[in-house]
Amino acid sequence: MSNLRVYNTLSRTKEEFKTVTPGKVGIYLCGPTVYAEAHIGHMVGPVIFDTVKRYLEHSGYDVRLVVNITDVDDKLINKANERKMTMLEVAEENIKDYLDNLAALNVTTIDDMPRATSSMDDIIQFIADLVEKGFAYDVDGDVFFEVSKDAEYGKLTNRSVDAMQGEGGGAAASKRSPGDFALWKKAKPGEPSWDSPWGKGRPGWHIECSAMSKGILGETFDIHGGGLDLTFPHHENEIAQSECCHGKPMVTYWMHNGLLRSDPSAGKIGGKAEREKGATEGEAGGKMSRSGGAGGLHTLIDRQGGERIRFFLLRTHYRSTILFSEPAIEEAGTGLDTFYRLFERYERITGKSFYDIEAAKTRKEGEIEAGGDELLTLLKKHRDTYLEKMDDDFNTGGGVSELFEIVRGVNKFIDTNKLEETKGADTSSLDQAMATIRELSAILGLFTEKPEADSSEDAGLVDQLMGLVIEIRANSRKKKDFETSDLIRDRLTECGITLEDRKDGTLWRKG
């Protein structure tokens with residue numbers, strides 16, 4: 001196990017990580033309401049908590065990650081009516097889109113994806129328990145949670161009951177207090193509905209998550225995640241209904257990620273503009289949303305690639321606001337190219353693929369005995385610092401910095417020892433270094449699989465054309481026509497193609 005500390009929104013401090021059940025971790029992340037296709041803002045939480053799970057497993061924990069699907073909601077009903085489809089058809093279409101996007105960003109560790117419509121019996125029983133215990137009341141088929149019955153209501157966001165307005169839809173006038181919120185909504189004519197002790201209807205948003213998390217992870221579990229915008233009313237109401245129902249804490253650690261904000265003027269990745277004030281220190285504003293013009297994610301993935309987007313999202317601490325722009329993602333891609341170039345060097349030197357290396361699965365398995373080896377000493381230093389930073393509230397941005405330091409050291413080692421020019425050189429230290437990069441990058445969900453080569457006919461034609469361009473440039477340099485040579489390089493750079501001049505010829509790559 002590790003010396004992990006986690007920032008808890010509830011206490012507003014970093015706390016030592018202790019699990020409900022020794023060695024096991026339960027994580028619940030609020031997933032999407034699937035009334036339209038996903039945008040990049042919907043990927044922030046899944047990428048972060050996929051990484052959190054990977055790190056916890058690397059630290060020796062047995063982790064269960066749950067991400068719910070809200071597939072019954074006013075927005076879904078309205079969208080179905082607008083498109084003349086059933087609510088289920090709209091949901092299924094957008095669930096597929098969401099899953100495709102998760103796969104493209106290598107979010108592969110989710111264990112359970114419960115749907116509200118498949119959890120209706122648990123939801124109804126949960127509401128019935130609250131009514132029986134006096135925390136909820138029925139008004140002509142609508143059921144509300146009575147916030148005045150919860151002495152701790154508002155503890156997550158430090159808001160008073162008087163400052164909160166609960167949801168109630170058309171039945172709001174029937175509530176005993178403006179802060180009471182809906183657990184069950186009486187069905188309107190033509191709406192999807194389910195039978196209940198209070199008549200036909202459907203659940204409110206908040207009760208769905210309380211019921212689904214309890215059904216899979218139990219009455220008290222370790223981590224509840226979600227965007228900063230969900231602290232109120234969603235998570236505040238989850239705490240109230242769950243803790244009143246069970247008489248015990250719902251969650252040990254509340255983790256809230258900063259929001260993705262669209263900003264066309266965002267500067268250099270990792271600069272001051274991108275790392276704004278910590279998300280837990282103030283109210284969120286200007287988040288990426290459909291109403292703010294965010295479009296479908298699949299088109300962005302087609303343009304930028306899933307690994308590049310994932311890397312972009314992990315370059316900042318998860319509690320920071322992320323300023324989104326495509327140039328910022330492209331800049332992150334430049335950082336990725338640093339790794340890809342090293343992988344190519346390693347294969348040229350050893351004939352082995354980085355992607356075939358068997359990475360260490362745990363902290364202990366990946367430990368380094370440096371001895372007097374200069375490269376291994378550097379490697380151990382940066383690996384230890386990487387783990388220290390990840391132990392400090394999952395600081396992926398700090399972890400990325402250490403990976404770059406390792407790559408810089410490995411490249412210097414290759415150059416100093418002339419490994420690309422020396423046949424039969426000892427590469428054991430280099431092999432260990434690459435194995436460590438593989439181990440630490442896999443925690444971030446990066447470089448886990450070799451990118452597929454483009455096998456299309458167009459790709460073959462491009463290879464031939466690039467060979468011709470490189471030959472023309474080489475001839476220009478022989479003739480000392482450096483103006484033409486530089487013009488070719490500059491124009492290729494403008495097209496997103498990089499040339500690398502080497503003793504054994506010139507290589508080219510996209511990016």
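View 1. D486 is partly exposed, with a relative accessible area of 40%; partly exposed denotes the range between buried (under 20% relative accessible area) and exposed (over 50%), with a 1.4 Å probe and protein chains only. The model is predicted: local features need pLDDT of at least 70 and side-chain atom pairs pLDDT 80 or more, whereas totals for chains, interfaces and linings use all residues. Residues are numbered from 1 along each chain as its sequence is written, and side-chain values use heavy atoms, without hydrogens and water. D486 belongs to helix α14, residues 482-494; helices (H or I, at least four residues) and strands (E, at least two) are DSSP runs numbered from the N terminus. On the surface, D481, E483, D486, D490 and E494 gather in a patch of negative charge. A patch takes residues with over 30% relative accessible area and no salt bridge, like charges being joined within 9 Å.

**View 2. The aromatic pair of F343 and Y355.** The rings of F343 and Y355 pair edge-to-face, at 5.8 Å centre to centre and with 80° between the planes. Rings of Phe, Tyr and Trp (its six-membered ring) pair if their centres lie within 6.5 Å, and planes over 60 degrees apart count as edge-to-face. Both residues, F343 and Y355, are buried. Ring pairs also link F311, F339, Y340, F343, F354, Y355, F404 and F447 into a cluster.

**View 3. The salt bridge of R5 and D392.** R5 and D392 form a salt bridge whose closest N and O atoms are 3.1 Å apart. Because R5 lies in strand β1 (residues 5-8) and D392 in the loop between α10 and α11 (396-416), this pair ties together parts that are 387 residues apart in sequence. A salt bridge is a side-chain nitrogen of Lys or Arg within 4 Å of a carboxyl oxygen of Asp or Glu. R5 is partly exposed at 37% relative accessibility, and D392 is partly exposed at 22%.

**View 4. The salt bridge of D415 and R345.** The side chains of D415 and R345 meet at 2.7 Å, N to O, in a salt bridge. D415 is in helix α11 and R345 in helix α9, so the pair ties together parts that are 70 residues apart in sequence. D415 is partly exposed, with a relative accessible area of 47%, whereas R345 is buried at 13%.

**View 5. A network of salt bridges.** D74, K185, E191 and R202 are linked in a network of salt bridges. A search of the whole structure finds 34 salt bridges.

Conventions: Patches are made of residues with over 30% relative accessible area and no salt bridge: like charges are joined within 9 Å, nonpolar side chains (Val, Leu, Ile, Met, Phe, Trp, Tyr) within 5 Å. Accessible areas come from the Shrake-Rupley method with a 1.4 Å probe; for residues, only the protein chains shown count as cover. Lys and Arg count as positive and Asp and Glu as negative; His and the chain ends are not counted. The place of a charge is taken as NZ of Lys, CZ of Arg, CG of Asp or CD of Glu. Rings of Phe, Tyr and Trp (its six-membered ring) pair if their centres lie within 6.5 Å; planes under 30 degrees apart count as stacked, over 60 as edge-to-face and the rest as tilted.
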